[in-house]
Structures are given as C-alpha cells and as structure tokens.
Amino acid sequence: MPNGDPLNRTITSGQLPQGPLPLPDQSDPHHHLWTLLESVVDPEIPVVSLREMGVLRAIRESQHGLEVVITPTYSGCPAMSQMHDDVALVLQAAGIQARIVTELSPAWSSDWISVEAKLKLKTYGIAPPHACHPASDRVVLIQQRANRSHAAVVCPQCDSLNTTETSHFGSTACKAMYRCLDCLEPFDYFKPY
Ligand SMILES: [Zn+2]
C-alpha cells in the first residue's frame, strides 16, 4: 500500500493507536503541540477537544516532515472539513509547519471518546454513547448489545432510564433525539458507532 503521496491527504497505514488517547506528558516530543491542539474543539460539540473525541490520532515525524493525523468520526461527516481547517488555523497561528493527514483506518469508534469527554457531553445535555446508569451499567450494556436500536438511554438531566427515542436523527446525523418520560426534557443521544 503506497503510504507517502504528499499530494494525497487521505492515506491509510494501520499504524495508528486505537481507543481514547490521554494528553501526552512532557516526555513526549510533541507535548507542546498536543497541548496547543487542545484548543481545537468538535464544531458540533464545542465543549470537547478533537483529542477527547478521538478524532486527533497522532502527531508524528514522517519523510514529509511533521504530520498531524485526524480520523473522521464517520465517512461523510460534514464537520470534518471544519475540523481540518480549525487545526490548520491553530498551526498557522503558532507558526508551526505541519501537514494535516486524514487517515480512515483504523475506523473511528465512539469507544474512542474519552471518559472525561463523555462526562462533558452529559453536562452539555447530550447523552453519551453507551450512556449507562450508575447502578446498572451491566444491565444497560447487555440490553444495548442485545438490541442496539432499543438501547436504554440515560437522561442526561435526571439520570432516568425511562426514556424514548423520538427521532433516529437529531441535530446532526450522529445523534438521535430522545425524550425523558420522567422529567419530560428532550435531549440528543450520541449514537454508538
Ligand atoms: Zn430526565
């Protein structure tokens, strides 16, 4: 698989880490840049950084120089070009020369959203993917695995499990609209992916 066409922003390598990425400590050679890019947030959820969402995957040296690697949440995500431009702006403002590379493999998963980001989503009023009731994590997960379309989703306002899907597509395609039958509040659910 060719892995170095400088004109092609989208390459696949299979060398990237999977799962949530913590902010690297100062021993990382790119610690400064990781910290700088913490200011780049998800355009649709401005309380979480691209790293916390699992979209920022790597900062690395390559034969083409410094590269910032991002992976879209799902192919065709309309926010992806915005994320690319936001990263470019931060790099430019800091005077850092780096290529932004979009890699599609391994494919992004909502399991890559950090625990901290899931809490921020909830505080923001969005039920995070695989939202679990504190007292019944196992039950909810088992229900979700058994039947994803009828997963028990926890209300981000009152933690009730008594919720119902009102529309499979919410404010964006990656979210569904739910309503809590206890506090009666409508809310977005970030669908597992
Ligand atoms: Zn509620």
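User: How many other C-beta atoms make a residue count as buried?
Analyst: The model is predicted. The count takes the other C-beta atoms within 10 Å of a residue's own. With 12 or fewer, the residue is exposed. To be buried, the number must be 20 or more.

User: Which residues of α3 are buried?
Analyst: Helix α3 covers residues 80-93. An α-helix has 3.6 residues a turn, so residues three or four places apart point the same way. The buried residues in α3 are Met83, Val87 and Leu91.

User: How wide an arc do the buried residues of α3 cover around the axis?
Analyst: Met83, Val87 and Leu91 are the buried residues here. They sit on the same side of α3, because the arc they cover around the axis is only 75°.

User: Which exposed residues does the other face of α3 carry?
Analyst: One side of α3 is the buried one, with Met83, Val87 and Leu91. The face turned away from that side holds exposed residues. They are Ser81, Leu89, Gln92 and Ala93.

User: Which elements do the buried residues of α3 pack against?
Analyst: The helix lies across β4 and β5. Its buried residues pack against both of these strands, and against one helix as well.

User: What angle does α3 make with β4?
Analyst: Helix α3 has 14 residues and reaches 20 Å from its first C-alpha to its last. It lies across β4 and β5. Its angle to β4 is about 145°.

User: In what order do the strands of the open sheet with β4 stand?
Analyst: The sheet has three strands, and their pairing is mixed. β3 (56-62) and β5 each have a single partner strand, so they stand at the edges. The twist from one strand to the next averages 25°. The order is β3-β4-β5.

User: How many bridges join β3 to β4?
Analyst: These two strands run antiparallel. In β4, Gly65 is the bridge partner of Ser62. The number of bridges joining β3 to β4 is six.

User: What is the omega of the cis peptide bond between Ser105 and Pro106?
Analyst: Most peptide bonds are trans. Pro106 sits in the loop between β5 and α4 (115-123). The bond that joins Ser105 to Pro106 is cis, with an omega of about 0°.

User: Is Asp159 buried, partly exposed or exposed?
Analyst: Asp159 lies in the loop between α5 (137-146) and β7 (163-167). Its phi is positive, about 65°, although it is not a glycine. It has 15 C-beta neighbours inside 10 Å, so Asp159 counts as partly exposed.

User: What is the positive phi of Leu184?
Analyst: Most residues other than glycine have a negative phi. Leu184 is in the loop between β8 (175-180) and β9 (186-190). With 10 other C-beta atoms within 10 Å, Leu184 is exposed. Not a glycine, Leu184 has a positive phi of about 70°.

User: What share of the chain do buried residues make up?
Analyst: The chain holds five helices and nine strands. Among contacts between residues at least 6 apart in sequence, 54% join residues at least 24 apart. Of the 193 residues in the chain, the buried share is 30%.

Definitions and conventions. Residues are numbered from 1 along each chain as its sequence is written. This is a predicted model: local features need pLDDT of at least 70, side-chain atom pairs count only at pLDDT 80 or more; totals for chains, interfaces and linings use all residues. Helices (H or I, at least four residues) and strands (E, at least two) are DSSP runs, numbered from the N terminus. The expected span of a helix is 1.5 Å times one less than its number of residues. The arc is that of the directions from the helix axis to the C-beta atoms. Two residues are in contact if their C-beta atoms, placed from the backbone, lie within 7 Å. Two strands pair if DSSP finds at least two bridges between them. Axes are lines fitted to C-alpha atoms, for helices over the stretch in contact, and angles run from 0 to 180 degrees between N-to-C directions.
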